[in-house]
Structure formats: structure tokens, C-alpha cells
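Colleague: Thanks for making time for this one. Could you walk me through the wording you use for it, term by term?

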Amino acid sequence: AGCVEVEACSTPAQRADILAALVCIVGLGFILLGSFDGVNKGDLISLLSAVCYAIHIVVTGIFAREEDGFLLNMLQIGTGGILGLVAAMILEPHPAAMSGMNIGSIAYLAVFCTVVPYLLSVFGQKYVKTSTSGVILSFESVFGCILSILILGEHPGVRFVIGAMLMMCSFLIVEKIFLPLPKRVAVEAEK
């Protein structure tokens with residue numbers, strides 16, 4: 001997300017953000033790509049989605065600092081919901097019946113797994129750099145894999161471990177944790 005910002009990437013802090021973004025992308029590649037034999041259609045869709053998501057993080061970061069976070073969240077969730085509903089009505093078969101359990105499950109997912117976390121994310125972006133926010137939000141795949149290990153008993157592969165370590169390094173880079181304290185203070189002063 002740091003690369004997508006409009007600013008020229010000339011200061012050491014901005015170069016660190018670019019390095020962190022690249023390390024994060026490589027880490028995600030280790031975790032998400034099916035194989036390193038070649039790129040398939042799903043990989044291209046994932047890459048396009050990641051670029052759109054990075055742009056979305058930057059734009060949300062800009063508006064979150066100036067606008068009402070609750071209104072911004074409702075506008076984005078509402079727009080996504082309406083577009084998703086229209087696409088589903090056109091592209092998906094209509095359900096024959098909906099039980100109360102189905103409706104309750106959809107409502108739970110909509111409120112507690114989408115609206116509330118996204119609202120917290122928008123409010124969080126008001127107080128952190130866009131690049132930090134982007135790296136933190138990209139940890140979703142790492143957390144998903146960790147939960148599959150803890151809950152489902154899956155066994156992590158070497159690629160997951162390497163990818164998770166690279167993503168952790170990207171977080172350390174974006175937060176300048178590798179720098180000695182006096183240099184970190186100087187880099188923070190540049191902002």
C-alpha cells in the first residue's frame with residue numbers, strides 16, 4: 001500500500017515502506033500461490049484483487065483522517081452489499097427456500113465478520129500510517145492459516161513457515177524495528 005501513495009518515494013521512510021511492501025508480497029506468494037511452476041488464472045485474479053485492495057487501503061486512509069469513520073464504513077459496506085446483491089441476483093441461482101437458521105447465519109456474518117471488523121479497521125487507519133495498516137491487514141492469510149492449524153489440526157508446510165516469517169519481517173521493516181533507536185527517532189521526525 002505504501003507504493004500506491006501519491007508522494008514521491010524519496011525519503012528513507014518511504015523506501016522502507018516500499019521494501020516492506022515487496023517483502024510482504026513475496027511472503028504472501030509463499031503462502032497463497034499453488035506452486036512456483038507458473039502463474040494461473042486464479043493467481044492473476046488474486047494479484048489484481050491485491051492491487052485493488054492496496055488502492056482501497058490508501059484511499060480509505062486518506063478519507064478516514066478527514067471524514068466520519070462510521071459514515072465512511074456504512075457507505076463502503078452499503079455499496080459493496082448492493083453491488084454484491086445485484087451480481088448474485090444476476091449470476092447465481094435463486095434459493096428455493098431460506099430457513100431462519102440461514103438468515104441468522106447471514107446476519108451474523110454480515111454484522112460480526114464484516115461490518116464491525118471493517119469499522120474498527122477504518123477507525124484504526126485514522127491513527128496509523130497507510131503502509132502499516134496495509135501490512136497489518138495483509139496478515140489475514142497468516143491468521144487464517146494459524147487458525148486452520150489450531151482448530152482443524154492441519155500441518156503447516158515449509159512454504160507457510162517461510163511466508164509467515166517474511167510477512168513478519170515486512171511488519172518489522174515498516175515499523176523500522178530493525179533500525180537502532182536513534183535512527184528510528186530520526187526517521188519518525190522526517191514524517
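Colleague: Which residues does Asn-73 touch, not counting residues up to four places away in sequence?

Modeller: Asn-73 touches Val-115, Tyr-118 and Leu-119, with residues up to four places away in sequence not counted. Contact here means heavy atoms within 4.5 Å. Before we go on, some ground rules: this is a predicted model, in which local features need pLDDT of at least 70 and side-chain atom pairs count only at pLDDT 80 or more, while totals for chains, interfaces and linings use all residues. Residues are numbered from 1 along each chain as its sequence is written, and side-chain values use heavy atoms, with hydrogens and water left out.

Colleague: Why is Asn-73 called buried?

Modeller: Buried means under 20% relative accessible area, exposed over 50%, and partly exposed in between (1.4 Å probe, protein chains only). Asn-73 has a relative accessible area of 0%, so it is buried. Its place is in helix α3.

Colleague: What makes a stretch a helix in your naming?

Modeller: Helices (H or I, at least four residues) and strands (E, at least two) are DSSP runs, numbered from the N terminus. The protein chain has 8 helices and 0 strands, and its pattern along the sequence reads α-α-α-α-α-α-α-α.

Colleague: How do you know where the model is confident?

Modeller: From pLDDT, the predictor's confidence in each residue, from 0 to 100. The protein chain averages 77, and 82% of the residues score at least 70. Confidence is highest in helix α3 (residues 69–91), at a mean of 90, and lowest in helix α8 (residues 181–190), at 54. Over residues 1–10 pLDDT stays under 50, and the model has 19 contacts beyond four places in sequence for them. Where pLDDT is low, the predicted coordinates should not be read in detail.

Colleague: Why are α6 and α7 called oblique to each other?

Modeller: Two packed helices are described by the angle between their axes and the distance between the axes. Axes are lines fitted to C-alpha atoms, for helices over the stretch in contact, and angles run from 0 to 180 degrees between N-to-C directions. Helix α6 (residues 140–152) and helix α7 (residues 158–174) pack at about 140 degrees, with their axes 10 Å apart. Angles under 35 degrees count as roughly parallel, over 145 as roughly antiparallel, 65 to 115 as roughly perpendicular and the rest as oblique. The pair α6 and α7 is therefore oblique.

Colleague: Which residues of α6 and α7 make that contact?

Modeller: From α6 they are Ser-141, Val-142, Cys-145, Ile-146 and Ile-149, and from α7 Phe-160, Ala-164 and Met-167. By class there are 7 nonpolar, 1 polar and no charged. For the classes, Ala, Val, Leu, Ile, Met, Phe, Trp, Tyr, Cys and Pro count as nonpolar, Asp, Glu, Lys and Arg as charged, and the others, Gly among them, as polar.

Colleague: And what makes α5 roughly antiparallel to α7?

Modeller: Helix α5 (residues 130–138) and α7 pack at an angle of about 165 degrees, with their axes 10 Å apart. That angle is over 145, so α5 is roughly antiparallel to α7. The contact joins Ser-131, Thr-132, Val-135, Ile-136 and Ser-138 of α5 to Met-167, Ser-170, Phe-171 and Val-174 of α7. Its residues divide into 5 nonpolar, 4 polar and no charged.

Colleague: Is Leu-32 buried or exposed?

Modeller: Leu-32 has a relative accessible area of 52%, so it is exposed. This residue lies in helix α1, and its C-alpha atom is separated by 8.5 Å from that of Phe-160, 128 residues apart along the chain.

Colleague: Why does Ala-16 count as buried?

Modeller: Ala-16 has 15% relative accessibility, so it counts as buried. Its place is in helix α1 (residues 12–32). Leaving aside neighbours within four places in sequence, Ala-16 is in contact with Ile-173 and Lys-176. The C-alpha atoms of Ala-16 and Lys-176 are separated by 7.6 Å, although the two are 160 residues apart along the chain.

Colleague: What about Ser-148, buried or exposed?

Modeller: Ser-148, in helix α6, is buried, because its relative accessible area is 15%. Leaving aside its neighbours within four places in sequence, Ser-148 is in contact with Gly-153 and Glu-154.
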